[in-house]
Amino acid sequence: MLEPATRPRLEAGGHLLNIRGLSIGFTGRSGETLPILRHIDLAVGRGESIGIVGESGSGKSTLALAAMGYLKHGLNVIGGDVLFPDRDLFALSPGQLQDIRGRRLALIPQNSGQSLTPTLRVGAQLTETLKLHSNTAPERQAARVTELLAKVRLPDPHLIAGRYPHQLSGGQQQRVAIAMALAGEPEALLLDEPTTGLDVTTQAHILELLRDLAAQYGTSMIYVSHDLGAIARVCERVVVMYAGEIVLEGATRQVLSSPDHPYARGLLASLPRLTGSHLPAALDGIPPMPGGVGGGCAFAPRCALADSQCREQRPGLETTERGQRARCLRSARASEIPIAPAPGEAGRRPAIDDDRAALTLDAVSIRYARPTPLARLLRRAPAAATVSDISIAVIKGQTLGLVGESGSGKSTILKAIAGLLPVENGAISLPDNQTLAAEVERRNPSQLRAIQLIFQNPDESLNPRQTIAEIIAQPLRLYFDISGAELRRRSVEILDTVRLGAHYLERLPSQLSGGEKQRVAIARAFAAQPDIVLCDEVTSALDVSVQAAVLGLLDTLRRERGTTYLFVSHDLAVVRTLSHRVAVLYQGRLCEIGATARVYSLPSHPYTETLLSAVLEPDPDRAPRLAAHDAVESSPPAAGCPFQRRCARRLGAICDEQAPPWRDAGGGHRIRCHLPLDTLQSGPAPAV
Amino acid sequence: MNTAATPARAPARPGGAFAALVAVLADIARTPSGAAGLILLSLHLLVAISAPLWVPYDYREVNSLLILSAPGAEHWFGTDHLGRDTLTRTLLGGREALLVTGVATPVAVMWGGFTGIFFGLTGGRLDDLFMRFVDALLSLPWILKMLVLIVTFGTGLEVFIPTLAFFYGIPIIRVARAATHDVVARDFVQAARARGHGRMTIIGRELLPNVRDALLVEGAMRWSWMLLAFSSLSFLGFGVSPPTPDWGLMIANARGYMSFAPWGVLAPMIALSSLIIGINLTADALAKTLGVDRAQKAPV
């Protein structure tokens with residue numbers, strides 16, 4: 001088996017896929033050609049895996065699809081060609097292309113749940129692929145399907161083959177998609193963000209699988225991602241894209257430890273890390289629109305090193321001292337830009353001195369499915385509550401991070417606090433024993449004003465038909481009853497606090513970038529002058545560089561205004577940068593709660609351990625410790641510890657039968673586990 | 001802050017409503033079918049408004065010497081069984097129908113739209129019950145329902161307009177409710193609920209702007225249906241009373257002589273169908289412009 005790092009470099013001519021001077025663009029409204037990709041040169045050798053990294057709009061997906069000879073509607077090739085291995089894909093007939101796709105080149109899409117046919121069993125879909133893209137004899141096909149499903153490490157391949165896609169979890173669907181891509185035994189795999197949208201633990205499993213597949217079968221890979229962490233684990237070479245150009249190319253280890261391009265350095269610096277508790281550095285500005293690049297370097301307007309020469313002269317892709325290829329005139333000075341944030345003022349969080357709670361949850365449980373009359377008649381045991389027995393106090397002026405995978409009940413808890421979902425048991429209360437009514441309609445105006453919500457996706461949370469002025473005016477009118485000049489003055493003031501100018505007022509959300517939209521959503525929440533802001537995955541729809549800026553903004557607002565945050569995220573690194581305390585949730589039950597630094601270090605709950613080890617960091621050597629399996633559970637167990645079925649450190653029957661006790665690790669750090677503290681302190685169990 | 005002194009401006013879309021209308025019309029006219037529809041429709045409206053000023057004859061002028069005369073230089077579309085000029089009567093024959101449907105359509109869109117949005121937002125048992133009532137109404141043939149009301153209350157604008165508006169508002173309820181369901185689940189509506197806005201504010205500010213396009217397109221479609229319905233009523237003798245010219249009535253009167261004087265039917269038929277085709281083409285182009293898929297958004 002070949003170790004990725006030691007695989008032999010291929011000489012020119014031995015390339016499997018060779019993209020030469022490729023430019024792709026579309027025709028604008030006034031007939032001009034707007035390029036999306038500009039002069040891309042990229043060669044992929046046999047058995048090589050290349051990562052393409054870039055933020056949204058950088059052209060990385062267009063490049064991946066172009067490598068299959070595919071263009072999205074409206075795009076056309078301006079120049080250059082794609083050779084596979086020596087035939088130009090864009091010169092082939094549709095029939096010839098079809099022979100290559102699937103058999104020699106296969107695509108694994110981002111959201112495989114949507115690319116599988118919902119009405120066909122998994123086995124049937126795989127058989128269809130086999131018929132189309134391989135020479136498998138009909139009587140061998142069933143065996144081959146099982147073989148493929150086993151290859152992607154799905155448990156019980158026979159059972160899985162008989163299931164429909166909706167009966168599988170997101171991670172399992174992604175595995176089926178990979179099996180499908182492997183069916184034709186292709187020479188190259190194109191992966192378009194294959195783990196985006198999956199839980200951290202599932203993502204870690206899929207990445208390890210891809211890494212092993214590449215090493216075992218020598219399949220070439222082109223891995224497109226916005227996530228440097230994912231690339232680190234799978235690819236030996238990285239290409240960084242910006243505004244439709246390759247700006248940096250080099251060995252993964254090199255590029256991740258010390259890139260020679262200011263943009264790549266900025267990207268690295270903007271990644272929140274598990275190891276540091278300080279806020280990542282934001283990359284200011286936004287990338288240019290297609291056609292918006294002038295004569296100079298595309299990155300110059302956002303670059304700290306840019307001088308007048310950079311603004312006038314377009315740099316070429318030159319080999320640097322460290323053997324990377326960088327499109328930068330000042331690459332020799334690139335190391336002046338830090339890639340790890342300096343612990344600044346923003347990073348310091350004062351010790352807990354005032355422990356008055358701004359928000360208290362007392363034994364809260366929430367149940368989605370009410371027992372039907374029939375079930376009640378038959379006296380069936382009701383299903384376990386979606387969220388059960390949550391007691392949390394959120395300290396005034398602090399941030400409490402709420403972490404867990406999808407289905408852990410994080411958002412459910414936020415919705416209940418906001419009054420959008422009824423609480424079955426328990427109480428949610430504000431200071432001075434103000435217990436909040438379960439329904440939002442029965443809360444009084446000051447209670448409504450005190451709690452504001454920021455949603456995950458600003459495209460969904462901002463009304464597309466309202467101007468920014470109207471959006472911000474809503475809470476101002478409702479809570480403060482102001483109008484006219486005063487309303488406008490306040491709106492401008494609020495926009496200013498989120499670093500947006502007054503000229504944004506007349507715009508519609510669709511005219512804003514993702515980061516700007518989320519700033520508007522933040523402005524709308526803060527317009528109410530809230531005491532508590534509930535943040536539901538507020539940065540997960542944003543690019544990393546924008547995410548850093550939004551995190552910084554949130555932290556500044558909290559410090560300036562003494563606002564309390566309940567910050568929900570699946571991303572442990574993000575939570576770490578912002579939170580004073582962290583609560584870990586699994587299946588709607590609390591596993592662990594305590595000060596951030598304590599939760600992120602030993603002793604910790606086995607689930608926290610699993611989560612932490614699965615977090616991706618831009619470090620090729622950081623191998624995750626994977627749990628036995630990544631099967632996501634759809635409902636909590638009826639009794640015992642919620643984590644019983646996935647726990648690597650199970651004790652035995654006691655875990656299934658008895659609810660685990662809370663163990664106090666000191667300083668407010670509590671862990672709910674049957675294992676004694678000193679065992680938890682000793683660190684994780686050996687990998688299974 | 002220096003911006004504090006600037007007077008508050010109404011937060012209007014850039015250019016205001018008029019510019020938006022012009023932009024939509026320009027967009028409709030971009031496709032050949034949209035342009036054709038728009039031309040047909042505006043021609044009809046223009047004729048309906050201005051015809052009394054320039055029609056060649058008096059529509060009541062009976063001439064026993066010219067009964068059922070063939071088209072010629074004097075009477076381009078011939079004359080009817082009373083010797084009245086068919087062209088004149090055809091040019092004037094759409095006025096009544098356009099007036100009735102022109103008022104009834106916006107009323108139908110408003111009441112159907114509001115009701116649909118209201119029940120779409122409310123949901124639950126009340127919504128279920130009301131929708132069964134809607135289903136029951138829709139299951140009856142429209143002509144039966146309308147005839148019952150007209151026979152009870154008599155003919156005349158004050159009966160036609162509310163009757164048509166009521167019955168044609170019912171399918172709009174469904175469309176508005178379906179469109180609302182798409183929007184209600186989105187986060188901005190949840191955000192408005194969480195802020196504590198009242199139901200009317202949520203309908204007016206969050207839902208209506210997002211359902212508006214579907215309603216506009218549906219309204220345009222219902223308009224053509226209503227025109228057909230009104231003409232059918234006239235044809236059956238329950239619409240416009242003579243001697244006021246009306247296409248449906250003209251077709252009813254002339255159909256007895258169709259074998260030897262086909263122009264009497266042809267002229268009003270061409271007028272009616274060109275108007276309906278014009279409305280349909282415009283509605284289709286409008287749907288495309290506004291991004292509303294008529295096949296999906298119109299379950300009835």
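**Close-up 1. A:Cys591 is buried in this predicted model.** The relative accessible area of A:Cys591 is 1%. A:Cys591 takes part in no disulfide. Its nearest cysteine sulfur belongs to A:Cys641 and is 6.5 Å away. A disulfide needs the two sulfur atoms within 2.5 Å.

Close-up 2. A:Cys297 is buried, and its relative accessible area is 18%. The cut-off for buried is under 20%.

**Close-up 3. Eight strands of chain A form an open sheet.** The order is β6-β7-β8-β3-β9-β10-β12-β11. The pairing is mixed. The edges are β6 (105-108) and β11 (318-319) of chain A. Each edge strand has a single partner strand, so one side of each lacks a neighbour in the sheet.

**Close-up 4. Strands β9 and β10 of chain A run antiparallel.** Strand β9 spans residues 237-242, and strand β10 spans residues 245-251. Six bridges join the two strands. One residue to look for is A:Arg237, whose bridge partner in β10(A) is A:Ala251.

**Close-up 5. Helix α11 of chain A lies across β9 and β10 of chain A.** The helix comprises residues 262-270. Helix α11 runs at about 100° to β9(A).

Methods
Residues are numbered from 1 along each chain as its sequence is written. Chains are lettered from A and ligands numbered from 1 in the order in which they are written. This is a predicted model: local features need pLDDT of at least 70, side-chain atom pairs count only at pLDDT 80 or more; totals for chains, interfaces and linings use all residues. Side-chain values use heavy atoms; hydrogens and water are left out. Buried means under 20% relative accessible area, exposed over 50%, partly exposed in between (1.4 Å probe, protein chains only). Two strands pair if DSSP finds at least two bridges between them. Helices (H or I, at least four residues) and strands (E, at least two) are DSSP runs, numbered from the N terminus. Contact means heavy atoms within 4.5 Å. Axes are lines fitted to C-alpha atoms, for helices over the stretch in contact, and angles run from 0 to 180 degrees between N-to-C directions.
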